[in-house]
Amino acid sequence: MSLLPVAEAQARLLALLPLLATEPVALRDAAGRWAAEPLAALRTQPASDLSAMDGYAIRHADLPGPWRVVGESAAGHRFDGAITAGDAVRIFTGAAMPSGADCVLVQEEARRDGAVLTLAGDGPRGPGGNVRRRGLDFSCGDPLVAVGEQLTPQLLGLAAVAGHAQVEVRRRVCVAVAATGDELVAPGSDLGPDQLPESNGVMLSAMLAALPVDIVDLGILPDRLEVMVEAFAGIDADMLVTTGGASVGDHDLICPALTAAGAEIDFWRIALRPGKPMLAGRMRDTVVLGLPGNPVSAFVTAHLFVLPMVRALGGAAMPWPTPVPAVAGSALPANGDRLDYMRATLADGVATPADAQDSSMLRTLARAQCLIVRQPHAPPMAKGERVDILPIA
Ligand SMILES: Nc1nc2c(c(=O)[nH]1)N[C@H]1C(S)=C(S)[C@@H](COP(=O)(O)OP(=O)(O)OC[C@H]3O[C@@H](n4cnc5c(N)ncnc54)[C@H](O)[C@@H]3O)O[C@H]1N2
Ligand code: MOO
């Protein structure tokens, strides 16, 4: 069977996703979610001309003074009157400019004796000096956040000052995770000679924990068709992620078990190393991803498929990991017909692949800081040439 190119597999998977309902979330709880509706400014910021410094609001035409101090304007308590020739108002950072004043004399350049103020420096350069004009940051109605943008702390601060208390986002994504394999036991268990501590579920849950996800842990399923079918048939989740049993051996039962549980398999086996035996489909309202059992294959396919799909379900406009340029730290051999992701360290922009790239080796994965991306049929590459990497640390 020919292998499906990775980009095609990603596009097909995206097409399988349902559109999740939206919910309003308080800004303080919205970090990391994606805006499901655009946010426009509900107010103008600043709403009035404000002082940018502590000092005295004056008319620039009155320089070089002296002035008579006629009142005070503080943030939250403006000076209600208007000033005329020779008047100054004591003013603080963030306070509204009094009517008639057009600049602020900073207090370091002023000398005050009772109500009399004299110049003790150069003074503001011109009208508007040390003043933040109304609307300097944004005006009411300005578009501020686009649909699909991730809500960073900075955007949430912007939304708050723009007058919003909450933001509409897609509801949290429910992901069921199952490890499969007769050899697997819970981490820390006493081990028989053919047993292995389960690690893929641990790693996947940790990868998902950084996203707005509720995880349903299905634990470890044995390589028994009827047990798997029963576990899968009762699932109520947006996504089911399995690891193991995806290949072609007699005990690789994920494909038949999912099919028997009502899933339609959309594709199986992709042109990716590691990660070739991945499969994907849909089981009623649940998107299904069957990841290979080898730990590095599970990690790479989670990075390229599971996390992007969770982001897309969450409403992300840009769900994919973005390659960045680096320099090859050693010569790289010609690549075969699969898109290859090589574990590598990264120092000062130089990506050096690990000597061994076997997909069972978690220690090299744990110490890798990036994956070097090699396109199918890429020619050999010399040390020092430019490569694309995906940062993972
Ligand atoms: N004849 C062929 N054999 C294999 C092929 C192939 O095309 N033809 N593909 C190979 C590739 S590539 C991969 S990747 C593996 C993936 O196979 P499975 O998805 O069926 O994975 P398993 O056989 O169940 O396990 C593989 C390996 O990983 C260990 N494992 C599984 N689950 C976990 C877990 N949750 N935690 C830790 N370790 C796990 C398992 O013990 C095996 O050692 O197939 C190749 N074979
Ligand atoms: O593609 Mo497999 O994931 O080489 O080990």
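The model is predicted: local features need pLDDT of at least 70 and side-chain atom pairs count only at pLDDT 80 or more, while totals for chains, interfaces and linings use all residues. Residues are numbered from 1 along each chain as its sequence is written, and chains are lettered from A and ligands numbered from 1 in the order in which they are written.

**The chain as a whole**

- The chain contains 7 helices and 26 strands, which are DSSP runs (H or I, at least four residues, for helices; E, at least two, for strands) numbered from the N terminus.
- The radius of gyration of the chain is 31 Å, whereas a compact globule of 393 residues would have a value near 21 Å; this radius is taken over C-alpha atoms, and the globule rule is 2.2 Å times the number of residues to the power 0.38.
- Along the principal axes, the C-alpha atoms fill a box of roughly 95 × 50 × 40 Å.
- Of the 393 residues in the chain, 39% are buried.
- Among contacts (C-beta atoms, placed from the backbone, within 7 Å) between residues at least 6 apart in sequence, 69% join residues at least 24 apart.

**Helix α3**

- The buried residues in α3, which spans residues 200-209, include Asn200, Gly201, Leu204 and Leu208.
- Seen down the helix axis, the buried residues of α3 fall within an arc of 90°, so they line one face of the helix; the arc is that of the directions from the axis to the C-beta atoms.
- Strands β13 (173-180), β16 (213-221) and β17 (239-243), together with α6, are the elements against which the buried residues of α3 pack.

**Helix α6**

- Helix α6 (residues 295-313) has a kink of about 50° centred on Ala302, where the bend is the angle between axes fitted to the seven residues ending at a residue and the seven starting there.
- Because 16 of its 19 residues are buried, α6 is largely enclosed by the rest of the structure.
- Gly315, which follows α6, has a positive phi, near 100°.

**The two ligands**

- Around ligand 1 there are 26 residues, and Asn200, Gly244, Ala246, Ser247 and Gly293 come nearest.
- Helices α3 and α6 are the elements that give two or more residues to the shell around ligand 1.
- A residue is near a molecule or strand if its C-beta atom, placed from the backbone, lies within 6 Å of it.
- The shell around ligand 1 holds 9 nonpolar, 13 polar and 4 charged residues; Ala, Val, Leu, Ile, Met, Phe, Trp, Tyr, Cys and Pro count as nonpolar, Asp, Glu, Lys and Arg as charged, and the others, Gly among them, as polar.

**Two alanines in loops**

- Ala101 lies in the loop between β6 (87-91) and β7 (103-106), and it counts as buried because it has 27 C-beta neighbours inside 10 Å.
- Leaving aside neighbours within four places in sequence, Ala101 is in contact with Ala57, Ile58, Arg59, Ile83 and Val89.
- From C-alpha to C-alpha, Ala101 and Pro321 are 52 Å apart in space, and they are 220 residues apart in sequence.
- Ala210 is found in the loop between α3 and β16, and it counts as exposed because it has 10 C-beta neighbours inside 10 Å.
- Ala210 and Lys276 are 66 residues apart in sequence and 26 Å apart in space, C-alpha to C-alpha.

Definitions and conventions:
Buried ≥ 20, exposed ≤ 12 C-beta atoms within 10 Å, placed from the backbone. Contact = placed C-beta atoms within 7 Å.
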